[in-house]
Amino acid sequence: MLTDEETIYNIILAAFIMPVLLAGLLIWFFISFQKKKFQNENDRKDAQLREQALMIERHQAIEHERTRIASEMHDDLGSGLTTIRYLSDKALLQAKDTEEAEQIQRIADHSNTLVRNMSEIIWAMNSRFDDAENLAGYLRRYASEYLEEHSIPFSFEIDEEQLENVNVRGEVRRNLFLVFKEVLHNTVKYSGAAEVFIHLQIDDHVTIKVSEIGARGFDPIASEEKGNGLYNIKKRMDAIQGRISYEKTAEAMQIIFSAPIHLS
Amino acid sequence: LLLFESIFIATLTLSAWFTYKGQKGPFPYFLPFMVMVVSFEIPIDIWFKSLYGHNLHLKNLMAKLCIYYYLFVFYHYYRDRVWSMLLKYIILLYMTITLVWNFGFQDQDSIDYISYNAGYLILIPLMLLYLHEVIYKKDYYNVLRDPYVYFIFGILIFYTSSFPILGFINMLITYNPNYKAFYHLLNLGNIFLSLAYLGAVLCSQTKKPSIISS
């Protein structure tokens, strides 16, 4: 049996050692756990960064591939089609009768259309043209060629300062151009517009406003149900998170379409 | 009712309610264990005190049953390990010896602190192993949603705070006229233990530990 003095000594010792051990254990656990948590957060951030780097790499690879295909299309198909056009023009001059001339003319027209379409595809694909300046230039040139061909006076407005150093992704550029093309096609074919004003605005969105002066106007909902044109326009705008609206005023029919430059 | 007894009752009620709702408890057979704890701590305790004037033989048995349950919980957790068979035999051996000791040799007017401390000698390495694995082996997750962490810290705090008293209990309480001071200290440890049970029940009814792979 322990003496009273020894007992008290042992109790004090035990009462001191055990809480100290427990406190040590608790401190070890919480410090180690916090370290692990911190490490885990770092690992997660690293993983996110790696994923982002991978995405950028993939994006660059796609852009590189787009540019390569565009160049090859330009060099191989382009020169082939130009040759067909040249040869058909030459054959047209040597045609013996009207029927033959008509056939050759059809070949020439088709190759002309193909050359134009292909140049549009090349423009849309080539990442070298992924900027606002190129987009504006291309839209202006297209509108000029197309509307002049159909003898519709037009004006194209843009603030040149807005174009500086603005990158516009290929997908946005391509869809905006195709929508623009469809809108002008409708203008020429259905609107009966006496004149066209085009306004291009670039901030965090690319906004294009086409005002058809003296146009008859139309009901966009009914037209969308009837034909493919407006339906395709809507689909293209949806694909680039854009919006399109139609406004009829006393003087004009206005078609406004807008898409964010950077997709979320 | 003492504070820790009220917490035990609350834990039992919540555990029964969650079981009734079809939710799993934090540990296997936790509800029967809580029924046992509350029964031993309150009605049977009152009954034994009225019969014998003290509750030492009841406490001896209850302490053993609690340690058996803790060992069972950890055996269940580690049952897939290579060494689980060894653990099973150690636990069975411990149970046999302590039961034979309890009913054969133990002086029923004093506390069986040897069985109590021996049980913790098996239990503590299992608990430390769990904490070690939380830190070094498992993927990071929110430990506040892990019932085992509550359970382990509750038992460790209870054991640490009560060890000096229970280790020398016969001298301090059984034969000491001023035993009430130590008795209050023991109750304090019980508060931590009951809170650990409650925490385990509540956290297991929220979301499971969210593992975020690194």
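Start where the two chains meet: between chain A and chain B, three residue pairs with both members at pLDDT 80 or more are in polar contact. A polar contact is a pair of N or O atoms within 3.5 Å; within protein, one must be able to donate a hydrogen and the other to accept it, and residues adjacent in sequence count only if both atoms are side-chain atoms.

Before you go on, a word on the model: it is predicted, local features need pLDDT of at least 70, side-chain atom pairs count only at pLDDT 80 or more, and totals for chains, interfaces and linings use all residues. Residues are numbered from 1 along each chain as its sequence is written, chains are lettered from A and ligands numbered from 1 in the order in which they are written, and side-chain values use heavy atoms, with hydrogens and water left out.

**Stop 1: the interface**

Keep both chains on screen. Here 20 residues of chain A are in contact with 25 residues of chain B, where contact means heavy atoms within 4.5 Å. The size of an interface is often given as the accessible area lost when the parts come together. For chain A and chain B the buried area is about 2200 Å², with 84% of it from carbon and sulfur atoms; buried area is the accessible area (1.4 Å probe) that two parts lose on being put together, summed over both. Now select Phe29(A), Phe33(A) and Lys36(A): they supply 27% of the area that chain A buries against chain B, more than any other three residues. How many salt bridges does the rule find across this interface? It finds zero, a salt bridge being a side-chain nitrogen of Lys or Arg within 4 Å of a carboxyl oxygen of Asp or Glu.

**Stop 2: chain B as a whole**

You will find nine helices and zero strands; helices (H or I, at least four residues) and strands (E, at least two) are DSSP runs, numbered from the N terminus. Of its 214 residues, 48% count as buried, where buried means under 20% relative accessible area, exposed over 50%, and partly exposed in between (1.4 Å probe, protein chains only). Chain B has an accessible surface of about 10800 Å², and carbon and sulfur atoms hold 70% of it; such areas come from the Shrake-Rupley method with a 1.4 Å probe, and for residues only the protein chains shown count as cover. Among contacts in chain B with a separation of 6 or more, 76% are between residues 24 or more positions apart.

**Stop 3: the largest nonpolar core**

Bring chain A back and select Phe33(B), Tyr70(B), Phe74(B), Tyr120(B), Phe151(B) and Tyr197(B). Of the 62 residues in the largest nonpolar core, these touch the most other members. A nonpolar core is a set of buried Ala, Val, Leu, Ile, Met, Phe, Trp, Tyr and Cys residues joined through side-chain atoms within 4.5 Å. Among the elements that give two or more residues to this core are helix 1 (4–93) of chain A and helix 4 (56–77) of chain B. The largest share, eleven residues, comes from helix 7 of chain B.

Zoom in on Phe151(B). Not counting residues up to four places away in sequence, Phe151(B) touches Phe27(B), Tyr69(B), Tyr70(B), Val73(B), Phe74(B), Ala196(B) and Tyr197(B). A second, separate core has 43 residues, including Ala124(A), Leu139(A), Leu163(A) and Val172(A).

**Stop 4**

Next, pick Leu2(B), in the segment before helix 1 (3–20) of chain B. Leu2(B) and Asn187(B) are 185 residues apart along the chain, with their C-alpha atoms separated by 8.3 Å. Is Asn187(B) buried or exposed? Asn187(B) is buried, at a relative accessible area of 10%, whereas Leu2(B) is partly exposed at 34%. Asn187(B) belongs to helix 9 of chain B and, leaving aside neighbours within four places in sequence, is in contact with Leu2(B) and Phe4(B).

Then move to Arg145(B), in the loop between helix 6 and helix 7 of chain B. Its C-alpha atom is separated by 9.1 Å from that of Gly199(B), 54 residues apart along the chain.

**Stop 5: chain A and two loop residues**

Finish on chain A, which has six helices and five strands. Of its 264 residues, 33% count as buried. Select Ser151(A), in the loop between helix 3 (132–149) and strand 1 (154–158): its phi is near 55°, a positive value in a residue other than glycine. Asn165(A), in the loop between strand 1 and helix 4 (170–191), also has a positive phi, of about 55°, without being a glycine. Ser151(A) is exposed at 63% relative accessibility, and Asn165(A) is exposed at 82%.
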